[in-house]
Amino acid sequence: MAKKPENKNYKVIAENRRARYDYAIESDLEVGIMLHGSEVKSLRIGQSNIADSYASVDDGELWLTNAYIAPYERAMFSHEERRKRKLLVSRKEIAKLWNATKREGMTLVPLVMYFNDRGLVKLKIGVAKGKKNHDKRATEAKRDWGRQKQRLLRHGD
């Protein structure tokens, strides 16, 4: 069977690995992001961090707060590193996200920032609920048991 050609434009820029440990992700959503030219240039080099950032619904718009994008040195007009950036999503989705955050107590956590197949910057946001310490320990124990099970099956001991 022929293998599907891999997309050369798809590239992960930044990933929030800690989010899956700290939060139970209920669902995720791909959104666009409004950026300045120097920000896109900096992202192409790969200088960004979304680990400390979060998303929120303010005045009927979705915003990404505290995401770090390093300044591009050769840009004529530089950008602010940790400014609020508007996220592009439909009004219907904004209403769902507002209900999830305000009524159900969920949190909007950025999971991955990447260039899609067309070369556009996209952000995957998770609708999540915070985990307690005992939940984190249970998740870690389950993951360790899965690893140990794979070792046993591989070696046949």
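This is a predicted model: local features need pLDDT of at least 70, side-chain atom pairs count only at pLDDT 80 or more; totals for chains, interfaces and linings use all residues.
Read from the N terminus, the elements of the protein follow the order β-α-β-α-β-β-β-β-β-α-β-β-α. That gives 4 helices and 9 strands in total.

The C-alpha atoms occupy a box of roughly 65 × 45 × 35 Å along the principal axes. Of the 157 residues in the protein, 34% are buried. Among contacts with a separation of 6 or more, 67% are between residues 24 or more positions apart. The accessible surface comes to about 11000 Å², and carbon and sulfur atoms contribute 48% of that area. As for charge, the protein carries 34 positive and 21 negative side chains. The centres of these two sets lie 3 Å apart.

Helix H2 spans residues 37-45, and its buried residues are Ser 38, Glu 39, Ser 42 and Leu 43. These residues are on the same side of H2, because they cover an arc of only 140 degrees around the axis.

What do the buried residues of H2 pack against? Their partners are six strands by name: S1 (11-15), S3 (48-49), S6 (68-69), S7 (85-88), S8 (107-115) and S9 (121-130).

A search of the whole structure finds 1 aromatic pair. The pair consists of Tyr 10 and Tyr 114, whose ring centres are 5.3 Å apart, and it is classed as tilted because the ring planes stand at 45 degrees. An angle under 30 degrees would have counted as stacked and one over 60 as edge-to-face. Tyr 10 is in the segment before S1, whereas Tyr 114 belongs to strand S8, so the pair ties together parts 104 residues apart in sequence. How exposed or buried are the two partners? Tyr 10 has 45% relative accessibility and counts as partly exposed. Tyr 114, in contrast, is buried, with a relative accessible area of 5%.

Just after H2, Gly 46 takes a positive phi of about 95 degrees. Gly 46 sits in the loop between H2 and S3, and its relative accessibility of 37% makes it partly exposed.

Most residues other than glycine have a negative phi. Which residues other than glycine take a positive phi here? Asp 59 is one of them, with phi near 55 degrees. Asp 59 is located in the loop between strand S4 (54-58) and strand S5 (61-65). With 82% relative accessibility, Asp 59 counts as exposed, since the cut-off for that class is over 50%. Asn 66 also has a positive phi, of about 70 degrees, although it is not a glycine. The loop that holds Asn 66 runs between S5 and S6. Asn 66 has a relative accessible area of 27%, so it falls in the partly exposed class.

Key: Residues are numbered from 1 along each chain as its sequence is written. Side-chain values use heavy atoms; hydrogens and water are left out. Helices (H or I, at least four residues) and strands (E, at least two) are DSSP runs, numbered from the N terminus. Buried means under 20% relative accessible area, exposed over 50%, partly exposed in between (1.4 Å probe, protein chains only). Contact means heavy atoms within 4.5 Å. Accessible areas come from the Shrake-Rupley method with a 1.4 Å probe; for residues, only the protein chains shown count as cover. Lys and Arg count as positive and Asp and Glu as negative; His and the chain ends are not counted. The place of a charge is taken as NZ of Lys, CZ of Arg, CG of Asp or CD of Glu. The arc is that of the directions from the helix axis to the C-beta atoms. Rings of Phe, Tyr and Trp (its six-membered ring) pair if their centres lie within 6.5 Å; planes under 30 degrees apart count as stacked, over 60 as edge-to-face and the rest as tilted.
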